[in-house]
Structure formats: C-alpha cells, structure tokens
Amino acid sequence: MNNRMLGEFCFKMIGRADIEGSKSDLLVNAWPPQASYSCGGFIHDCASHDLDMVCWLVGAFPERVFATATTHDPEIVALKDTDTAVIVLNFPPTESGRPGPIAVIDISRHGVYGYDQRVEVLGDGGMMRSENQQEESVVFNAPGTTCQGPIRNSFPQRYAASYVNSLDHFLSAVTGTKKADISGHDVLNISRLAACCEESIKSGQHVYFHVVNYDF
C-alpha cells in the first residue's frame with residue numbers, strides 16, 4: 001500500500017478493555033468469558049475486530065501471521081483461554097513491487113484505565129496516529145505536571161456515533177438505496193484469519209493465510 005504523504009506503511013494497533021471492577025462497571029466493559037457462555041475464545045471474541053480494522057486500513061488480507069499470547073486472569077486460565085496477545089501480520093507486496101506493510105496488534109482484556117484503542121501508521125514519508133477519545137477536552141498544565149480527563153470507559157461510549165452510522169448504513173442496504181460495504185467474503189475471511197492466529201499461538205510458528213473467495 002502506498003500513500004503520497006506517508007509512503008510505505010507499518011501499522012501498530014493497540015486494543016485494551018477492562019474486565020475488572022464492580023458488577024455495574026462490567027455491564028459496560030468487556031465481559032469476561034465464562035464457562036456458561038461460549039465467546040469463541042479471546043482471538044475470535046476480541047482480536048477479530050482489530051484484524052478487521054487493520055485489513056480495512058491496508059486494503060488487503062495478509063499472507064502470513066504470527067501470534068503469541070499469555071493469560072494473567074486465573075479464571076480465564078481455568079477456561080484454557082488467553083487474555084493478552086501480540087499479533088504480527090505480513091501483507092503481500094504493493095502494486096509498485098515494494099515490500100508489503102507489516103502490522104502489529106497489541107491486545108489485552110485488561111485495561112483498567114478505560115477503553116484503550118489506538119492505531120499508528122509509520123511510513124518512510126511520515127507518521128499518522130489516531131488517539132483515544134477523552135471524556136473531556138480540557139487539559140490542565142502546571143509546572144512539573146499535566147492533567148487530562150480519562151479516556152472513554154467502554155465501547156458503547158467510544159463508538160456511539162459509529163453505531164448510529166452503522167445502523168443507518170444497514171437500513172440503506174436493506175432498502176436497496178446503498179450497497180453494503182461489508183460482504184460475507186470479508187466476514188468469513190476475517191474469521192479464518194483469527195483461526196490462523198490461534199493456530200500460530202499453539203504452534204509457536206508463522207502460519208500462512210490464503211484468501212478464500214466467497215461469492216456473496
């Protein structure tokens with residue numbers, strides 16, 4: 001992928017959500033996996049969204065993935081699942097023949113300070129970053145200190161406008177006024193990519209990803 005300002009890209013995406021705190025907090029935070037509820041595992045439940053975002057930003061699927069993970073929460077250990085992972089995605093060469101982008105995803109269920117989701121793009125022509133949304137825009141500066149309000153608590157607050165836009169787009173697709181931006185091809189391949197990440201975690205090796213074309 002090439003951009004006139006940034007050149008060749010290297011992506012880094014960070015995603016952390018809180019699973020600690022009181023019962024009322026948990027209602028709006030990332031609900032931890034439970035034996036009575038199958039979430040598909042940490043990678044499918046959480047990392048799939050970041051995989052989807054990175055592939056959308058690059059405009060392609062990776063050709064190779066490597067993932068490593070660990071578990072800090074004893075309850076999640078008992079479920080034989082993970083709660084913290086790093087995923088490295090190698091994308092195919094660009095149309096100009098230059099090496100493809102590398103994306104790094106740093107993700108965890110533990111983010112007691114709020115819903116932490118950032119993306120950074122590094123290129124040979126510059127850098128671009130999307131930061132977290134703060135609950136307040138006021139910043140206090142004094143000698144030796146700087147204070148700012150906390151980041152948004154969870155995804156209902158972080159993506160409130162996005163949910164409205166998604167619903168509006170869905171209704172437009174249903175009524176036939178617009179074509180859906182997301183297809184079954186996209187969804188199924190992201191799920192397959194998440195499965196490759198799980199395979200890499202288990203084997204400790206790179207896993208090659210091959211896009212399957214779904215015509216719907």
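The talk below goes through strands, core, cysteines and surface.

Mentor: Happy to! This is a predicted model, where local features need pLDDT of at least 70, side-chain atom pairs count only at pLDDT 80 or more, and totals for chains, interfaces and linings use all residues. Residues are numbered from 1 along each chain as its sequence is written, and side-chain values use heavy atoms, with hydrogens and water left out.

Trainee: In which sense do strands E4 and E5 pair?

Mentor: Strands (E, at least two residues) are DSSP runs, as are helices (H or I, at least four), numbered from the N terminus. Two strands pair if DSSP finds at least two bridges between them. E4 (residues 84-90) and E5 are antiparallel, over 7 bridges; isoleucine 87 has isoleucine 105 in E5 as its bridge partner.

Trainee: How many residues of strand E5 are buried?

Mentor: Buried means under 20% relative accessible area, exposed over 50%, and partly exposed in between (1.4 Å probe, protein chains only). In E5 (residues 102-108), 5 of the 7 residues are buried.

Trainee: Which residues touch the most other members of the largest nonpolar core?

Mentor: A nonpolar core is a set of buried Ala, Val, Leu, Ile, Met, Phe, Trp, Tyr and Cys residues joined through side-chain atoms within 4.5 Å. Here, Ile43, Leu51, Ile87 and Leu89 do so, among 25 residues. Helix H2 gives the most to this core, 8 residues.

Trainee: How many disulfides are there?

Mentor: A disulfide is a pair of cysteine sulfur atoms within 2.5 Å; the count is 0. For cysteine 55, the nearest cysteine sulfur belongs to cysteine 197, 9.3 Å away. Cysteine 55 counts as buried because its relative accessibility is 7%.
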